[in-house]
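Q: Could we go through this model feature by feature, with the general idea set out before each case?

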Amino acid sequence: MTPPRRQPAGRRGTGFGRRAVLATVPVAVAALVGAAAPTGTGTTGAAGAGDPYFPLSGNGGYHVRHYDLTLRYRSGGRLTGTAVLTARATQQLSRFDLDLKGLTVDGVTVDRTAATAVERSGQELVVTPRHVLRAGRDFTVTVRYHGTPKPVTDPDGSADGWIPTDDGAFVANEPQGAMTWFPGNAHPKDKSSYDFTITVPKGRTAVANGVLLGQRTAGGETTFRWRETQPMAAYLATATIGTFQVHRYTTRDGVQVYDAVDPREAEAAAPVLAKLPSVLEWESKLFGPYPFTSAGSIVDHADVGYALETQTRPLYDSAPGILTLVHESAHQWYGDSVSPTSWKDIWLNEGFATYAEWLYSEQHGGASAQKTFDGLYARPAGDGLWAYPPGDPGSGENIFGAPVYDRGAMALHELRKAVGDPAFFRILRAWATAHRHGHGTTAQFVRLAEQESGKRLDSLFHTWLFTKGKPNRP
Ligand code: TRP
Ligand code: ZN
């Protein structure tokens, strides 16, 4: 049986129409970074983590070790929140930024002392603590806030962050939506553990990452307590709210599964969600042990247009097909456990998750990976697939385009042919193992592939990841 072909989870049109306009943006943004927090003064944390495509995402000068988020959601969409961040200064800090867009800030303390100054500057919440923080010191920041969260619009025109639905919210933060619902260091470079305490009207369910510690109903509201102990990038956090049917079980491997499904999607979702344990088992054989202790799916009923690999618990805007489930599950290894160091490295997420689909088809009675490759390679030189190289998408507008997903997977297929199956699957596992719960860069992947295979691969990767236009027939 051939698995149904799907609209790839996140793919968008490549949208070159806006290119000329966007070319001026980085300059303006660079000026903003300077204005919000001049770098080089030694004591102010930078306004951004240094990402080439999202220069204001994340912040400099500290690492967040843990987020403790307490949220109350009321029907109508209002949110009240308290975020307690346990952080460590990586430089001396007289001032630092948090990413937060929209919402009203009601108070900020640093080590329980009211901050001397709290300013809003675009997406930066600029905090001046009463005392300068020494490099290496741990500190706690508490931010109380409220408002009606709104999503942000990505450079490619899609919405991300807190996306209101008819019964709650679809909360998907990739790449920059975390700042729409909690203050933090929202760049994948900074990974943290999380606690969530989310109160919603009785009858609704709030689903976050990791394990459910407990739930309690009182006074017409239910509070859900979730905990993710493994390091997680802010773009993978969720607090999706809706009217959900919940199904909990433990797999043979001891993974705790929590599925939350909008009843309108339940019938279509059931047969696919039932395959999650076998998909995770199959992927564990290929990629190495599942990196987390919990799993599950959130199937909402919303018109968002993509799915997201929210850590431990992927989020779908409608009942997914099997290949979408395979894709988001593969991201648990590639993207969630091994996270990109920069958004420029996004093919390490999407190329791998797409190749997992090819492998699944190949091993479950569908097209071989070679056949999928050939079908794509047949596309003419003017096709959007060849519009830019996956290892250098050029801008945030391009990070979810076909070159990243499909040509990224084609690069892996070329690697597989060059080194042979045993070395190729060794490389996939070694990558997941070497960078487990951490980060990777494209350069590190190339080096690891060369080490594992004993072959020089620079020209292969140069062709498939970095060369403009359609590569010559391999
Ligand atoms: N990473 C998602 C996936 O491949 C896709 C995705 C998430 C996305 N957020 C997005 C695509 C925003 C476009 C825009 O499963
Ligand atoms: Zn993906």
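Q: With which residues is D138 in contact, leaving aside its neighbours within four places in sequence?
A: Contact is a matter of heavy atoms within 4.5 Å. Once the neighbours within four places in sequence are left aside, D138 is in contact with R65, A87 and R88. The C-alpha atoms of D138 and T86 are separated by 7.1 Å, although these two residues are 52 apart along the chain. D138 lies in strand β8, residues 138–147, a strand being a DSSP run of E with at least two residues, just as a helix is a run of H or I with at least four, both numbered from the N terminus. With 35% relative accessibility D138 counts as partly exposed, the class between buried (under 20% relative accessible area) and exposed (over 50%), computed with a 1.4 Å probe on protein chains only.

Q: What should I keep in mind about the numbering and about the kind of model this is?
A: Residues are numbered from 1 along each chain as its sequence is written, while chains are lettered from A and ligands numbered from 1 in the order in which they are written. The model is predicted, so that local features need pLDDT of at least 70 and side-chain atom pairs count only at pLDDT 80 or more, whereas totals for chains, interfaces and linings use all residues; side-chain values use heavy atoms, with hydrogens and water left out.

Q: In what order do the eight strands of the open sheet stand?
A: Strands of a sheet pair through backbone hydrogen bonds, either parallel or antiparallel. For two strands to count as paired here, DSSP must find at least two bridges between them. The eight strands follow the order β5-β4-β8-β2-β1-β12-β15-β14, with mixed pairing in an open sheet. The edges are taken by β5 (113–114) and β14 (211–218), each of which has a single partner strand, so one side of each is left without a neighbour in the sheet. Within this order, strand β4 (residues 104–110) runs antiparallel to β8 and is joined to it by six bridges, with V105 opposite Y145 of β8.

Q: Which strands stand at the edges of the four-stranded sheet?
A: That open sheet has the order β17-β18-β19-β20 and mixed pairing. Its edge strands are β17 (245–250) and β20 (315–316), each with a single partner strand, so one side of each is left without a neighbour in the sheet. β17 and β18 pair in the antiparallel sense over six bridges, T250 standing opposite Q256, and in their hairpin, with five residues between the strands, G254 takes a positive phi near 85°. Strand β18 (residues 256–261) pairs in the parallel sense with strand β19 (residues 294–299), again over six bridges; Y258 stands opposite G296, and A260 has I298 as its bridge partner.

Q: What covers the buried residues of helix α5?
A: An α-helix has 3.6 residues a turn, so residues three or four places apart point the same way. In helix α5 (residues 322–330), nine of the nine residues are buried, so the helix is largely enclosed by the rest of the structure. The cover includes α3 (266–273), α4 (276–287), β19, β20, α6 (347–363) and α8 (402–419).

Q: How are the chain's domains placed?
A: The bounds come from an automatic or database domain assignment. The protein chain is divided into domain 1 (27–330) and domain 2 (338–466), whose centres, taken over C-alpha atoms, are separated by 27 Å. Between them, 34 residues of domain 1 are in contact with 35 residues of domain 2.
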